[in-house]
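Hello,

Here is the structure I promised to pass on. Please open it first, then read my notes below.

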Amino acid sequence: MRIELVRRPNRSRAMAVLSPLVAIFLTVVAGFLVFSAVGVDPFRALYIYFIEPLTAWWSVEALIVKAVPIVIIAVGLSLCFYSNTWNIGAEGQLVAGAMAGSALPILFPDFQGPLVMPLMLILGIAGGMAYGAIPALLKTRFGANEILTSLMLVYVAQLMVDWLARGPWRNPAGHNFPDSRPFDGDQILPVVFGDSVRLNAVFAIVIAVIAWFVLRRTITGFQITVLGQAPRAGAFAGFSHKKMVVLAFLISGGLAGLAGICEVAGPTGMLRTSVSPGYGFTAIIVAFLGRLNPIGIIFAGLLLALSYMGGEGVQIELGMSDQITRVFQGMLLFFVLACDTFIFYRVRLVRTPAAGARAEGA
Amino acid sequence: MEMFEGIVLTIITAATPLLFAAIGELVTERSGVLNLGVEGMMAVGAVCGFAAAHLTDQPVIAIAAAAAAGALMAALFGVVTLIFVGNQVASGLALTLFGLGFSALIGNAYVGIPGIGLPKLDIPVLSDIPLVGPIVFGEDPLTYLAIVLAVGVWWFLFHTRAGLILRAVGDNHVSAHSLGYNVIKVRFLAVMFGGACAGLGGGYLSLVYTPQWTQNMTGGRGWIALALVVFATWLPSRIVIGAVLFGAVSILQLHAQAIGVGIPSQFLSMLPYLTTVIVLVIISRDRTLLRVNTPACLGQSFVPDR
Amino acid sequence: MRKSFALAGAVLALGMMAGGANAADKVKACFVYVGPHNDGGWSQGHDTARLYAEEKLGDAVETAYVESIPEGPDAERAIERFARSGCNIIFTTSFGFMDPTIKVAKKFPDIKFEHATGFKTAENVTSYNARFYEGRYIIGQIAAKVSKNGVAGYIASFPIPEVVMGINAFMLGAQSVNPDFKIKVVWVNTWFDPGKEGDAAKALFDQGADVSVQHTDSPAPLQIAQERGLQGFGQAHDMIEFAPKAQLTAIEDHWGPYYVRRIQAVIDGTWKSQASWEGLKDGLVVMAPYTNMPAEVAEEAKATQAAIESGELHPFKGPIFKQDGTQVIGEGEALDDGTLLGMNWYVKGIDDQLPK
């Protein structure tokens, strides 16, 4: 007997829904085994991990706050990945956006009014776009591999913001500690819901819906999909691959920049030496977890945020190490990627010739 | 002169872990598979090598353990991407995430313990030759292994039948399949080899470079190794040059600081990354060289029709 | 929707009951770490102290920690979670946790907060730090005595006042022995990266330094010193195991006694907000045994240490000059704490330029 994969004529809709559920189920089973192995009550651990963060309002809010930047970036990346463009440097574009947007409140601290926030957001988006344009142009002009250039530029951006926050943009009234001046008044992104959910949560939903619409219902979306899945067919139809690469980087870079300025102008409230705890990288995982579907990404973003909070929960209540969280996330992703196979492929059991012959004889 | 000698020695040791990881990834990519999980495999190799050294006191076993651990991690990646045809980019990233977490988890017991280190080769008489002696004959054994590995891979890829098959699989998996080669099997072996090399690179860090284990001690070297493969246009000889160049930039920026050049350290720290980008651009401009050497099926999944 | 609210309410009530029960017999002390609890450096120092407090206070206290919390919004969430899970006193152990601590503390006036290495305090927020510069003055003196070339290699993390203060204290100590002493500084832009710290040590040694000083947390520079037959100083904890022949001494972080006192204050109901900055005298800064040096050098180091502990010697006593020669303070006076905490200039004799 041998297992073989057979391509389905069409993607399976049932499997598209089922596969993430199966993946989560497998992760829970694996988690059960891991927790049991280290001598923790697995039911309690899984409850703390996956359920408890959802049982109190403040922690649901915290969950949303954590998920929002990841979702915004992941939606942009999904467009990118759809067109088979590999932007791994969203983290750098996020930092670039945060720097560009912060320039306003830092260089003009007294500038207040209804114009401030829109300008900061526009600057943030522009910063992310500009930084995303670098690997795009290096790719289209010189053919340089975008995975690596975009990644290398992450380190450059991080060192740049480090320099700014410690050097020229350091708060003059901050005892020489490496933070910018705290933003205030109109320079802070308003809270729209509860205690801590800010305007960027609205952005995340709007962006996801628009992206979904663009991908499904417009010519551009069609071009992105075609070029991504069959570059040659796309070229025949007259779609330019180069334009698409630039467009994909501009969109994903711009959204990462937006996420960046919203973090700085939102929960952090100042420019610090490090802007994000790796949201740009987490978003790559979320984009795939949501299977590059903008609506799926919202759920995937919430799930991943949950896994971070659950990880803190098992630390606090069970005294387990935070490394469990990372192992868990890795496993979840492996399961999702493996289960996705069944959307496009059917598993067939093939009898090996010998076994077949014997069956015939009987 | 002594200072020059010291700097060259330092650069060579800085280049060694990169050389290991990059030469392995080169073989993987030549077979048409892009494994972005190098960082994760290195981390697991580092902790397993360190643990084995601590438990057995046998350098050879430690080195073997590092390689085996890297290969096992790679096998995990192989199962997801080759058998379950999962997306290679995402699976590679997942492998990095998983590897960094997993290495930290199993390494808990080994934090804060000094490692045993490996003896230097130190051939008497020869290593006493001024300048050339210590550099050519006074390295640690793993550095020589890395060089041997690079030469071996070059010979294997371009002078053996098996190497030819591996390249054929990477260039056109459909025709390789129709010629009767088992694409999945070749790729799986190439992925495992890549993992073993990454594991060795990690082992070098925890056994020789700084004999200790701490989480995240790979410090992004896996990503640099990935960049080196493209930098080298998938040619082993250029990997050696690239690794040394990168080692040189990262060491010399420290010297520039120690001398006191007055440039903010953040900008000096950017140099290795900027160099990579710039070199990548320069290399990529030579389209013919790239066309000849880039594995045409890089990153594409393959499912045999029958 | 209503049902889920009810459920949330029930769980919350349960949590509060549990918190109440805790308060009756045990004080719960909670710790937020920026790195892994066993990072071999900063966070491990706090975790060792947590265990020390647990041991000293026995049944009176219960502790918990979260590790690897990035500075920023994540910190706020982690602190708030602690505040809601019945902690009576919460220690946030990284500079970047300052604003999140202040924010959460406003919401929970009954809980005590303690933030390490910052400068903001509130009614229920104390800031605490240790005078590590006292130890740096001593190792400066030792370095100037044992160095043959008269050059030390300084592996620095980030140009913040704490680190700059350390470099200055080291230099003032060294100059008190050898006015022509030189230091070479490399900023590695990390608190912890064995590979990079080791590379920096190699570069400094190659440039003629023969003793290493570090304000980063891994033992890698000492390992390099040992390999080269040179010497150096450990950081954060005793690293003698990593470099039995190379370590001269180490400046150890001992937060334990402080934690015991503060938690005891919560138990006794005497906790008050303050800005605490203690040093050698109070046992927060401890010098590892003076090893691998001539006996008379060790004796002199002990004498300096005793003088600092008794208050007879202040490492930043005048006259002190900046690099450009301007006098900061005259004979017979010492720099005040405010100036030290915001220090962003080098003393005269340091050739390096401070990154701006």
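In which helix is the place of Leu254(B)? Leu254(B) is in helix H11 (residues 236-259) of chain B. Helices here are DSSP runs of H or I with at least four residues, strands are DSSP runs of E with at least two, and both are numbered from the N terminus.

Some ground rules. This is a predicted model, in which local features need pLDDT of at least 70, side-chain atom pairs count only at pLDDT 80 or more, and totals for chains, interfaces and linings use all residues. Residues are numbered from 1 along each chain as its sequence is written, while chains are lettered from A and ligands numbered from 1 in the order in which they are written.

Back to Leu254(B). Leu254(B) counts as buried because it has 27 C-beta neighbours inside 10 Å. (Buried means 20 or more other C-beta atoms within 10 Å of the residue's own, exposed means 12 or fewer, and partly exposed is in between; C-beta atoms are placed from the backbone.) Leaving out residues up to four places away in sequence, Leu254(B) touches Val186(C), Asp199(C), Ala200(C) and Ala203(C). Contact means that two C-beta atoms, placed from the backbone, lie within 7 Å. The C-alpha atoms of Leu254(B) and Ala52(B) are separated by 33 Å, and the two residues are 202 apart along the chain.

Two other residues of chain B

Val174(B) sits in helix H8 (residues 173-178) of chain B. Val174(B) counts as exposed, because it has 12 C-beta neighbours inside 10 Å. Its C-alpha atom is 9.4 Å from that of Val303(B), 129 residues away along the chain.

Asp57(B) lies in the loop between helix H2 (38-56) and helix H3 (59-83) of chain B. Its phi is near 65°, a positive value in a residue other than glycine. Most residues other than glycine have a negative phi, and most peptide bonds are trans. Asp57(B) is exposed, with 10 other C-beta atoms within 10 Å.

Chain A and its partners

Chain A puts 36 residues in contact with 37 residues of chain B. On the chain A side, the elements giving two or more residues are strand S1 (2-7), helix H5 (116-142), H6, helix H11 (279-289) and H13. That side divides into 23 nonpolar, 9 polar and 4 charged residues. (Ala, Val, Leu, Ile, Met, Phe, Trp, Tyr, Cys and Pro count as nonpolar, Asp, Glu, Lys and Arg as charged, and the others, Gly among them, as polar.)

The contact between chains A and C takes 22 residues from chain A and 33 from chain C. Here helix H3 (57-82), helix H6 (146-166), helix H10 (241-268) and helix H12 (294-318) of chain A give two or more residues each. H3(A) supplies the largest share of the chain A side, 4 residues. By class, that side has 10 nonpolar, 7 polar and 5 charged residues.

Chain C

The domain assignment, which is automatic or from a database, gives domain 1 (22-130) and domain 2 (132-253 + 285-341) of chain C. Their C-alpha centres lie 29 Å apart. Their contact takes 9 residues from domain 1 and 11 residues from domain 2.

Strands S1 (residues 27-32) and S2 of chain C pair in the parallel sense over 6 bridges; pairing needs at least two DSSP bridges. The chain crosses from S1(C) through helix H2 (residues 42-57) to S2(C), and this β-α-β crossover is right-handed. (Right-handed means that, with the strands pointing away from the viewer, the path from the first strand over the helix to the second runs clockwise.) Strand S2 (residues 61-66) of chain C is mostly covered, with 5 of its 6 residues buried.

Finally, two backbone points. Ala236(C), in strand S9 (residues 231-236) of chain C, has a positive phi near 75°. Ala236(C) is buried, with 25 other C-beta atoms within 10 Å. The peptide bond from Gly318(C) to Pro319(C) is cis, with omega near -5°. Pro319(C) is in the loop between helix H10 (295-310) and strand S13 (320-321) of chain C.

Best wishes
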